[in-house]
Amino acid sequence: MTTRRDVLRAGLLAGAAAGLGLPVSTPAFAQAITSLDVFVPAAPGGGWDATARAIEAAMRDDDIIKEFKFEHVPGAGGMTGLPRFINGKKGSSNAIMIGGMVMVGAGAVAKSPVTIANVTPIARLTGEALVIVVPEASPHKTLADLVAALKKDPKTVSWAGGSAGGSDHIFIGMLAKSQGVDPRSVAYVAYSGGGPAQAALLGNQVTAGVSGYGEFEEQIKAGKLRALAVSGDTGQFGVKSLKEQGIDVSLYNWRGVFAAPGITPAQRTALVGLFDRMVAGPAWKKTLETRGWEGIYLSGDAYGTYVNNEITRITAILKDLGLAA
Amino acid sequence: MSTLDNLMMGFGIALTPMNLLWALCGVTVGTAIGVLPGLGPGLTIALLLPITYKVDPTAAFILFAGIYYGAMYGGSTTSILINTPGESASIVTSLEGHKMAKRGRAGAALATAAVGSFIAGQIGTLGIAFLAEPVVNLALKFGPAEYFALMVLCFVTVSAVLGSYALRGLTALAIGLFFGLIGVDLQTGQARFHFGVMELLDGISVLIVAVGLFAIGETLHLAATKREEEKALELDGPVGMTKEDWKRSWKPWLRGTAFGFPIGAMPAGGAEIPTFLSYYTEKKLTKHPEEFGKGAIEGVAGPEAANNASAAGVLVPLLTLGLPTSATAAIMLSAFTSYGINPGPQLLQTQGPLVWTLIASLLIGNLMLLVLNLPLIRIWVKLLKIPAPQMYAGILVFATIGTYGISRSVVDLVLLYVVGFLGFLMRRFDFPTAPVIIGLILGPMAEQEFRRAMTISNGDMMIFIDKPIALSLLVIAALAALGPKLWSMLTARRG
């Protein structure tokens with residue numbers, strides 16, 4: 001049954017409608033997509049799951065897609081799920097996988113036969129800058145103090161962060177290398193999960209710590225941890241970036257969306273179109289705000305190039321850290 | 001406002017009919033998922049996270065808190081009745097609990113677990129309200145060196161479950177330690193013993209090994225040895241606890257709480273370690289040492305109190321510092337953030353009413369759990385009337401579906417049966433199985449903490465001596481391990 005509203009909708013240009021935030025259910029280029037199968041290669045409750053749920057909420061609120069199915073296959077920084085997504089969803093036009101920078105590193109470290117290069121890049125959604133902190137009572141008042149100590153004797157400066165080969169470790173490796181310090185000599189103490197790493201910092205067990213800004217935010221605000229630098233291109237949250245402090249290192253823990261391998265260019269364009277509309281809508285903007293995510297949106301071919309560059313850059317630093325072959 | 005005033009305000013909000021309903025809902029769901037092997041509170045809360053888009057924060061946290069405490073109750077039920085721990089903190093419960101059930105004392109075992117959980121839960125929750133500050137300060141003093149020393153102390157507790165032959169017990173421990181090595185090493189990112197199987201990169205789940213060894217292993221053993229028609233387990237004596245049971249339980253409850261609450265509050269403490277320590281202590285202190293290994297009520301009362309108290313302890317760093325120290329706490333944290341609430345050192349100031357309502361509803365939910373679980377015991381023990389063949393067939397199905405249903409991973413299923421067969425062989429040739437679990441839990445923790453300590457100290461072993469807490473723990477461990485031997489040598493010489 002065709003109602004007056006449907007006719008109205010069909011008559012509107014999809015792009016214009018999305019820009020105005022009007023509900024549109026079937027724009028011309030996304031005719032086929034009425035539901036999305038979202039594959040999360042991590043356990044419910046983590047960052048990728050949060051991204052997936054936020055996509056669902058935003059697309060529902062803005063009437064882009066109403067029907068969602070979720071599948072979680074956790075493990076090994078996404079490396080358990082990735083082969084399953086590739087084999088199970090090959091050629092599927094409405095399947096997306098959440099992934100990101102962590103998967104690039106995990107693939108290289110685990111020497112996995114399939115990597116993030118085997119799926120189809122759709123869009124980069126969010127980026128999180130990492131932050132370098134020291135405990136309140138630390139003698140290192142500035143980044144320069146900490147870097148000087150690192151250059152003097154890297155063994156005496158211990159860093160708490162996430163698992164070895166993850167984004168925190170990669171970042172410290174890059175920082176060390178830029179200072180002429182062998183990344184392998186860095187005293188990196190890996191913790192699983194942000195809680196134990198924060199506890200080590202609050203208890204003065206380690207010299208410094210690295211994690212996503214959000215992880216340390218409340219401790220920084222309360223003055224229990226001192227933020228020395230953020231990893232993005234420019235300063236954030238009142239903290240200067242490394243670049244602004246004269247160290248040419250920049251890294252984002254970015255999260256994005258990938259489609260199955262073997263889809264047609266038209267199918268890919270349709271999926272990219274969905275996300276172009278989502279980020280233009282009000283619901284997603286509100287999500288970014290409440291979650292404190294930085295929307296570093298990039299889609300289509302530009303995102304594909306970006307992913308390839310990240311693979312090259314991150315694999316190189318992991319080799320320097322002695323973690324990848 | 002004083003703590004008491006705050007708590008009263010919390011009760012004021014938690015006692016509204018709607019919030020009571022959420023609490024009831026939570027504890028019921030919690031008990032149910034605790035009974036199912038594999039489905040833990042963390043996963044359940046994660047699956048329920050989308051409700052945070054619809055429900056107000058107070059209601060959501062009352063629900064989550066109910067699930068969290070409820071799962072701790074349910075976990076003991078299957079441990080005792082069918083030797084299948086619902087979650088890893090109940091593994092120790094099955095050691096004596098299931099033996100009690102076999103002797104027809106299932107009702108008493110379930111009752112002491114329920115009452116012990118209640119008492120530990122209430123004390124622990126009051127501890128959150130009144131002792132959070134000093135406890136968290138102590139917990140933060142624990143660095144890698146102190147944790148490693150604590151692990152060493154825990155390894156001593158293995159001696160309590162070694163069985164009749166030390167060599168066989170140590171072999172079992174070594175098997176557990178090996179299982180613990182499998183997967184990606186946190187400190188180097190390198191994969192160990194994964195044989196090219198991607199699913200093994202994250203290591204082997206303690207629960208799969210526990211269910212495999214205990215439930216599948218026992219079933220296979222029974223099928224292989226018992227030929228004649230097996231008589232169903234008979235209930236011996238009253239369903240509840242006798243006066244003697246109460247007398248033997250109350251001290252273990254309190255001691256278990258004393259282990260569970262502070263260790264639970266430690267960022268790397270966990271729920272399993274206090275259960276080991278409690279079991280070991282009860283075995284050493286009991287007036288009925290002959291009953292241990294055959295179903296001693298102290299061995300159920302202590303560890304059950306310990307795991308509930310640790311569940312309360314975990315909330316201390318979460319609510320005071322915003323530190324999630326267990327998987328479940330991490331997921332509760334992400335529920336906070338999806339409301340735009342940032343749990344951190346200022347949580348109590350910025351979200352006072354929410355936190356106090358949460359604490360009040362924990363006390364209420366805990367009482368509900370006791371009221372819910374005591375009558376349930378009468379129903380649970382009826383399960384034992386099922387004849388052995390049907391019962392064990394049921395256990396196989398239960399364990400298999402539980403394992404596959406959670407991860408939907410064929411690898412986990414294969415692993416379950418490989419470990420199950422290993423469990424069968426171990427039983428057949430009289431090896432104790434509990435040390436495998438202890439090795440699997442403690443091994444990776446001890447290794448990681450040791451290596452963290454070595455990285456921080458730049459390879460200097462003196463870090464274990466220089467830190468007073470670490471040194472004291474190591475001395476206690478040495479006394480516990482060697483003390484009795486030295487004592488008997490000394491007294492023998494004198495005599």
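**Note on the domains of chain A and the fold of chain B**

1. In this predicted model, the C-alpha centres of domain 1 and domain 2 of chain A are 28 Å apart. The domain assignment behind that separation places residues 31–127 + 253–320 of chain A in domain 1, while residues 128–245 of chain A form domain 2.

2. Where the two domains of chain A meet, 14 residues of domain 1 are in contact with 12 residues of domain 2. On the domain 1 side, the elements that supply two or more residues to this contact region are helix H5 (101–109), strand S4 (120–135) and helix H12 (300–320) of chain A.

3. Turning to chain B, its secondary structure consists of 20 helices and 2 strands, and its C-alpha atoms occupy a box of roughly 60 × 60 × 55 Å when taken along the principal axes.

4. How does the radius of gyration of chain B stand against that of a compact globule? Chain B has 22 Å, and this agrees with the expectation because a compact globule of 495 residues would have a radius of gyration near 23 Å.

5. Two further values describe the interior and the contacts of chain B. Of the 495 residues in chain B, 58% are buried; and among contacts in chain B with a separation of 6 or more, 81% are between residues 24 or more positions apart.

Methods. Residues numbered from 1 in each chain as written. Chains lettered and ligands numbered in written order. Predicted model: local features only at pLDDT ≥ 70, side-chain atom pairs only at ≥ 80, totals over all residues. Domains from an automatic or database assignment. Contact = placed C-beta atoms within 7 Å. Helix = DSSP H or I, 4+ residues; strand = E, 2+ residues; numbered from the N terminus. Rg over C-alpha atoms; globule rule 2.2 N^0.38 Å. Buried ≥ 20, exposed ≤ 12 C-beta atoms within 10 Å, placed from the backbone.
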